Amino acid sequence: MNYITVENVSRAFADKVLFKDLSLGINQGQKIGFVAKNGYGKSTLLNIITRAEEPDSGNVAYRTDLRMAFLPQEPNLNPEMTIEEVILDSDVPTMKIIADYEHSMANPDDADMMQKALDAMDAANAWDFETKYRQILSKLKLDDLTQKVGKLSGGQKKRIAMAMALLSDPQLLIMDEPTNHLDLEMIEWLEAYFKQEDYTILMVTHDRYFLDRVCNEIIELDQGQLYTYKGNYSYYVEKKQERIEIQQTNQEKAQQLYKKELTWMRRQPKARRTKSKSRIDDFYQIKEAASNRRKDHQIELEISMQRLGTKVVELHKISKSFGDKHLINDFSYNFLRGERLGIIGKNGTGKSTFLNMITGALAPDTGKVVTGETVKVGYYTQGGIDAKPGMKVIDVVKQFGDYIPLNKGKIISASQLLERFLFDNKKKHDFVEKLSGGERKRLYLCTVLIQNPNFLILDEPTNDLDIPTLNVLENFLMDFPGCIIVVSHDRYFMDKIVDHLFVFNQSGNITDFPGNYSDFRAYVGNTDIALDKDITEDVKPIAVKKVDTTPAAPTSGPTREQQKMLSRMENKIKQLEELKKKLQDSFLDPNIHADQMTENSIQLEKTKEQQEELEMEWLELSEQIAKN
């Protein structure tokens with residue numbers, strides 16, 4: 001059953017054409033992920049489909065009586081209303097009936113009110129909906145419905161808009177970056193919810209695990225053309241690469257044919273009257289095909305930074321409380337060169353407080369933070385860039401530096417750095433207020449990197465970045481020789497970047513988990529429960545690393561870097577062995593569900609493969625050290 005038909009729509013702003021003559025259909029049962037680079041018009045197309053914006057040309061046809069809900073990136077909610085009033089301000093009559101029932105339950109002495117509410121619930125058959133109402137509000141942590149919207153954070157407003165969209169009982173759900181501002185456990189709950197509910201979905205998101213686990217179709221807008229892939233995100237990545245390779249082969253053939261036809265066209269002018277008109281027309285088509293190169297930009301970030309000394313950052317029994325809330329209790333840790341740390345935990349458990357203490361923006365109540373003399377911190381915060389009105393993009397970057405050194409003795413200017421972050425000459429001289437959300441994030445990243453840090457702290461760096469930029473940023477961070485701390489709800493990003501996790505819990509304790517997020521998820525089972533309790537007893541913490549400050553004497557044994565690598569490998573192998581045993585033991589549980597058994601079997605095979613590969617790498621490195 002067709003829900004929406006988009007026919008030949010076009011949209012441009014001033015001299016910039018976002019897209020032209022795009023057509024697509026949305027049918028019942030499809031769960032579509034819509035992907036494109038920042039600035040290609042993803043959000044604009046969603047706005048056109050949801051009637052929030054008119055196309056320059058073309059039209060959109062809707063099935064009669066289609067129930068459609070739209071979750072925008074930035075919800076526009078009445079700041080004077082309470083959460084409950086906003087949620088009830090919808091076209092779903094059942095919502096008002098449930099609200100009256102909730103009020104009657106809060107006033108049990110009013111028997112008439114309660115009886116009327118119960119009768120209304122029965123008449124509307126609203127009991128199942130009431131259960132759904134409670135579940136959604138609980139999972140999205142919307143507990144105090146009396147709060148005024150104007151006093152809430154951006155993340156809380158996004159969760160209200162999400163609840164409103166889900167509770168409107170739509171046939172078609174359209175979402176723009178639905179996972180932004182959601183906790184990890186909320187995202188995982190949302191994934192499971194979409195699997196069990198019969199929604200038709202069209203969404204834009206950079207969360208690749210979410211795309212992989214929710215969508216059954218990917219539509220990509222690439223250089224003005226729509227490409228459809230009947231599968232999840234992993235399938236799309238594979239097939240897109242095949243498409244690009246075919247396009248490159250065809251272009252090479254077109255270039256060869258173009259050279260041949262160009263020679264024919266360049267013959268003496270007097271012979272042109274006898275030339276075939278159709279062949280001349282074909283020549284111009286061949287010329288266009290030969291010059292139609294992919295405009296894929298590579299962000300080159302081979303930055304040469306000041307080398308870290310033996311002392312990086314040391315945390316000596318630090319503690320921090322706000323009133324009766326103990327966020328961090330007596331925590332010690334010594335960072336080594338090349339650390340790749342991920343931080344996870346629920347909102348309010350002290351993650352941002354911890355980062356602010358490392359950077360010196362906040363002092364611990366007890367204990368101390370000691371920073372090495374060679375450490376230069378680059379801090380990418382959630383707050384984003386704070387540019388004065390009227391400032392141009394290039395001027396914002398130059399506030400922090402005119403150039404940075406690259407490897408092999410080269411340098412890169414502020415202007416060149418912006419080019420590598422996809423800002424062309426015109427965009428570099430635009431005013432910052434004209435930039436999109438993703439462009440502002442890229443600009444902010446430029447201002448951090450041009451300061452040439454060797455200790456990089458990234459607090460939710462993936463919000464509003466497109467997938468191509470994320471891929472390049474990940475490649476850069478994987479080669480980054482300094483220290484990295486990442487706080488992110490993007491599980492795919494965390495899995496690629498970090499070696500171990502700090503797990504913050506509600507009691508103020510921090511557990512050092514030796515693995516990435518997927519390892520942690522497989523180890524602890526239910527993420528929500530694991531982040532609520534103290535898992536220190538469940539996961540044996542890694543001993544605090546001691547920094548050897550004595551000068552290294554000449555030796556034929558392993559270098560300090562090799563020792564560090566061996567230690568990391570051994571810790572990882574041990575953790576994989578523990579994970580493997582946990583998964584094997586799970587099969588002995590008589591109550592294990594069949595789906596969980598299948599998932600554990602797949603995870604067990606992956607764990608075995610990872611362990612074997614790592615043991616082989618450990619053996620090769622050990623043999624290399626022995627030969628030296």
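Biologist: Which residues of β18 are buried on one side, and which on the other?

Modeller: Buried means under 20% relative accessible area, with exposed over 50% and partly exposed in between (1.4 Å probe, protein chains only). On one face of β18 those are Cys483, Ile485 and Val487, and on the other Ile484 and Val486. Strands (E, at least two residues) and helices (H or I, at least four) are DSSP runs, numbered from the N terminus. This is a predicted model, where local features need pLDDT of at least 70, side-chain atom pairs count only at pLDDT 80 or more, and totals for chains, interfaces and linings use all residues. Residues are numbered from 1 along each chain as its sequence is written, and side-chain values use heavy atoms, leaving out hydrogens and water.

Biologist: Which strands are joined to β18 by bridges?

Modeller: Strands of a sheet pair through backbone hydrogen bonds, either parallel or antiparallel. Two strands pair if DSSP finds at least two bridges between them. Here β12 (residues 340-344) runs parallel to β18 with 4 bridges, and β17 (residues 455-459) runs parallel to β18 with 5. Leu456 stands opposite Ile484, while Ile343 stands opposite Val487.

Biologist: Thanks! Now the open sheet: what is its strand order?

Modeller: The 6 strands run β5-β6-β7-β3-β8-β9, with mixed pairing. β5 (68-71) and β9 (225-229) are at the edges with a single partner strand each, so one side of each has no neighbour in the sheet.

Biologist: How many bridges pair β3 with β8?

Modeller: Strand β3 (residues 31-35) and strand β8 (residues 217-222) pair in the parallel sense over 4 bridges, and Phe34 stands opposite Ile219 in β8.
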